[in-house]
Amino acid sequence: MREFLWGAATSSHQIEGYNDKNDWWEWELKGNIEGNARSGAATDHLNRFREDIKLAADLGLNSYRFSIEWSRLEPQEGQWSDEAFGWYKDLLSECEKHKLKPMLTLHHFTSPNWFAKRGGFTAPDAPNYFCEFVKRVIHELGPRIPLWCTFNEPMVLLVGSYLGKFMPPAEFSPLKFSQACQGILKSHQQAYELIHNQPLRSGPWKDNPIQVGIAHNLIDFYADRHWHPLELLFTKLLRKFYNQAWLDAITGGAINFRIPGFIPGPKPAVSITPKGCADFIGINYYTKAYVKWRPRDKAEGISPDFPVGIAFSRRKEPTSEVGWAIHPKGLGRMLRFASHYKLPIYITENGIADKVDKMREAYLTSHLAQVTLAIEGGIDVRGYYHWSLLDNFEWIKGFGPRFGLYEVNYETFERKLRNSGKFLKKTILESSK
Ligand code: FCB
């Protein structure tokens, strides 16, 4: 039987601390985060990574998904930090010591300031810079890495940066959306080739085939009013634009991110060989969304200039602490949808904001049941990564939402296993019997 990967996921900026050379840090300083929070020391993972990797292993996991911080590795254009590479090498050694197969994410929302200032992925030469970074990573760490995500949630990054304004540079510009989309696609494609062409492999997983993909956010969209023609139309459109377009593009299908009259089609367009550039589909799944025509609640607008909005739950529906509906069936639907691409699937993120830990165990049970059903139905799901190992800096929402299997005390940085963490550990143990 093929080994199933049980993992937890994190990202550099959310846990490491003092990533002060990236675009988020600067944006935080301008007061854009709820409660005027700043990532600051985050969870102090920079100093506590040995302990944290051990905590991951203590859960019985056999894999760990983390991201590397480009702005630490290349704080100024063309200047590389041996110290930062050294730190990631030590992190990898800890993973190896504890038999946690690493899944490395190259870009998880943050970009170095120098790169962001020259337009980020909207700049026509952005892929060259990204590829220089990838080459360095391959040189320094690559031989030891079997699993790669080039980008975390490119769609969320694009919507947040250029439509919804919840990520830096928080501009409303469908044109820039389109340019950055092309830039990221090209960067992904080139990184895919570079990673596959690396000649050397080493470490405990050197005989594993290299697998490269993206971690893609999928939302189970519904029309808020099932009789409303425009809501039905936009639901269809969002399923295609938000859920499908990226997966089509990287698997050799159509490249089409255009929305007539709203998102322009780029010229010249990136083309990808029909065989595509993905060895797996990574799914980040959290919730459903109701598509609303002219929402009354302003917060539900996708952008100020667009008459369509989104709500992540309805009144009285069970939700997480950030108001996302708890909707396990959506995970099953998304797995069935992703299975059409005929590639292995990893659930690269799934979890719930639940500080007092009263919902996470049931959330795990119901979502893992969907994974089991999918596997029994013949879908090639190869792993499940829970978001997150630790409570952490939840982007624009600051430190409020608590997604961790381990609770973090932000005064002392002490970690404490939640009961749901114990439950996951038991589940993993039982699954291997
Ligand atoms: C995902 C992000 C991750 C985390 C979770 C809650 O969209 O990839 O960094 O913020 O949501």
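Reader: At what angle do the axes of helix 9 and helix 10 cross?

Author: Roughly 40 degrees, and they come within 11 Å. Helix 10 covers residues 229–250. Axes are lines fitted to C-alpha atoms over the stretch in contact, with angles from 0 to 180 degrees between N-to-C directions. Helices are DSSP runs (H or I, at least four residues), numbered from the N terminus.

Reader: What kind of model is this?

Author: A predicted one; local features need pLDDT of at least 70, side-chain atom pairs count only at pLDDT 80 or more, and totals for chains, interfaces and linings use all residues. Residues are numbered from 1 along each chain, and side-chain values use heavy atoms, without hydrogens and water.

Reader: How are helix 9 and helix 10 oriented to each other?

Author: They are oblique. Under 35 degrees counts as roughly parallel, over 145 as roughly antiparallel, 65 to 115 as roughly perpendicular, and the rest as oblique.

Reader: Which residues meet there?

Author: F177, C181, I184, L185 and H188 in helix 9 meet F241, W246, A249 and I250 in helix 10. Contact means heavy atoms within 4.5 Å. These residues divide into eight nonpolar, one polar and no charged.

Reader: Switching to helix 8. Where does it run, and how does it cross helix 9?

Author: Helix 8 is residues 154–162, and helix 9 is residues 174–196. Their axes come within 9 Å and cross at roughly 150 degrees. That makes helix 8 roughly antiparallel to helix 9.

Reader: Which residues of helix 8 meet helix 9?

Author: P154, M155, L157, L158, V159 and Y162. Their partners in helix 9 include F177, C181 and I184.

Notes
Helices (H or I, at least four residues) and strands (E, at least two) are DSSP runs, numbered from the N terminus. Ala, Val, Leu, Ile, Met, Phe, Trp, Tyr, Cys and Pro count as nonpolar, Asp, Glu, Lys and Arg as charged, and the others, Gly among them, as polar.
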